[in-house]
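Please look over the model below before reading on.

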Amino acid sequence: MKCSDVSSLIADFQRGTLEEDRQNAVREHLKRCESCRAELAAAKKLAAATAQLPKSLAPQQDLWPGIEARIARAVPKDKAQAPQALGAADDPRPLRSKRLFPLLLAASVVLAAALLIFWQMSPDNADAGRDGWYVQAVEGSARLSGELLVAPDAFELQEQSWLETESGARAWLQAGGVGHISLAPNSRLRLLKSGGDQQRLELQRGTLRASISAPPRIFIVETPSATAVDLGCVYDLSVDAEGSGSLAVSIGWVELINSALRVVVPGGFSCRIHNGLGPGTPYRSGSPVELTQWLDRFDRNDEDSEVLDNLLARAGELDKLTLWYMVKRSVGPARQRLIHTLDSLAPAPRELREQGLARGDSAMLNKWLNSLGYYSWP
Amino acid sequence: MHKLFLKQHRERRISSSEQSDIRSAESATIARVRAGDMRAYRELYQRHGRRVYALCLRMTADRAWAEELTQDVFVRAWERLDGFRGEAAFGTWLHRLSVNLVLTAMRGERRRQHNTAAAAEAMSPGTSYGEKDVAVALDLERAIAALPERARMVFVLYDIEGFTHAEIASMLGLAVGTSKGQLHRARVLLREVLQ
């Protein structure tokens, strides 16, 4: 047997899967060939190192909310109506642990900060945060500052330069060392600022998906009607021709703000963005279209009693978080009706009850929100 | 048989009575999932999620993609749970499902430009490397992530996941000899890291 034969059989020899006569032939060759013994020793050393690798690895973020949200969207109705399915409103033990979420948020902040420090200290990534905006891949036609990009080269995205995808085209970006972005067809995106402690984009139209692993409030996307501030997450953000849009969060949390309104949208929830008004009321992703249409009218301060009547008639489909935001945005008798409905679905903590729910001020509402278990109020 | 030995050797040795207890506890959990109990499914995710993620990350060398694929696996497993008959352990069934899904995704999707540094970095936190071997392990993870795609896939499936060349050749649509050649190539490249 030649050395080249032995070299090609080393893996099977190590694993003991050769036929007996070949196993013996390799063994005999090894006895008299020093270079093949050295190769076997190197192979054993690699095998020993490989065997030490952990079989399990922890993702940098909790993937469960995204899984839960996707199953919730896909699940057949008969399964969704099973007694313990998907945190049904009458479930005495909600799916999300009420104590766990504030801890998760704190943990995600600490983890993200640790990862950023680790990332920046790594010699290979010393420049990642400073020079890390690249168009990594393109499908179809995309333009950077008006110039057609030719895949598969990587193109640097400079501050103030516009990246545009044409119909049917997609682009994938490395996002300043803090994550990745995919840009859907017919989108227009600009890098406003990269550096310091901020990565700021403008999405003028179209859709992006952001997968970010940075400490909260570093990655920010401006749209014509609201600004999306990353709190550690994966999300889709869309802007239509009129400047309205929507946000769908898969994992983590995203804060939507404009000059007057602030909404924190958790994983598994979506939120409309209204031109001229800003962020709407968050709702569980996959809610019926009719429900979201009524919510749109509610967001637009439609005072027609039909709007509230229809929404409250569908209270079973409204998530507790949606109702909470509706309470926050309403006044007068409408507010009292909503407080009553929310209280029937998620009873207010005793201390709030003793203070009188009718008071309904911001401090009380925030305590009630924290008791719902979606997040601690950032 | 040898594959089974390797798996048992690498993981903690578990007695047959412990295995039986685990199987029956898992059967009860799966029955709850079939009844629509998402808390039970979350338990399964917590038990197996990191194992699935490790496979996805090492195969793709792309953290974001690995996260997506891990989610895909658990959504697909939920959809297909009726097809799980309990003949094998749930973990075995899920692992095979994961491998198939990852390979399908890698065949069908665009070629992603993976960031090997990011992939290696993603492997370090929260993992349980032995203290004295952590530098070697991280170097090795980084080198695996930097391997040419096919060599990496064969190496991960053969040397880490314990599949045979015949199984890998079947899964990847290769000749057995090609699978062996790719493993040889991967090992030669990785040995340099350890020298």
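This is a predicted model: local features need pLDDT of at least 70, side-chain atom pairs count only at pLDDT 80 or more; totals for chains, interfaces and linings use all residues.

1. Residues are numbered from 1 along each chain, chains are lettered from A and ligands numbered from 1 in the order written, and side-chain values use heavy atoms, without hydrogens and water.

2. In chain A, helices α10 (residues 320–329) and α13 (residues 362–372) pack at about 175°, with axes 11 Å apart (axes are lines fitted to C-alpha atoms over the stretch in contact; angles run from 0 to 180 degrees between N-to-C directions; helices are DSSP runs of H or I, at least four residues, and strands of E, at least two, numbered from the N terminus). The pair is therefore roughly antiparallel (over 145 degrees; under 35 is roughly parallel, 65 to 115 roughly perpendicular, the rest oblique).

3. In chain B, α8 (residues 149–160) and α9 (residues 165–172) pack at about 140°, with axes 10 Å apart. That makes α8(B) oblique to α9(B). The contact (heavy atoms within 4.5 Å) joins B:Met153, B:Val154, B:Leu157 and B:Tyr158 of α8(B) to B:His165, B:Ile168, B:Met171 and B:Leu172 of α9(B).

4. Which residues line the second largest cavity? They are A:Gln61, A:Arg209, A:Ser211, A:Val234, A:Ile251, B:Ala64, B:Glu67, B:Glu68 and B:Gln71 (a cavity is a set of points on a 1 Å grid over the protein atoms alone where a 1.4 Å probe fits but cannot get out; lining residues have an atom within 4 Å of a point). The largest share, four residues, comes from α4(B).

Conventions
On a 1 Å grid over the protein atoms alone, a cavity is a set of points where a 1.4 Å probe fits but cannot get out, and a pocket is an open set with protein on both sides within 12 Å along at least five of seven lines; lining residues have an atom within 4 Å of a point.
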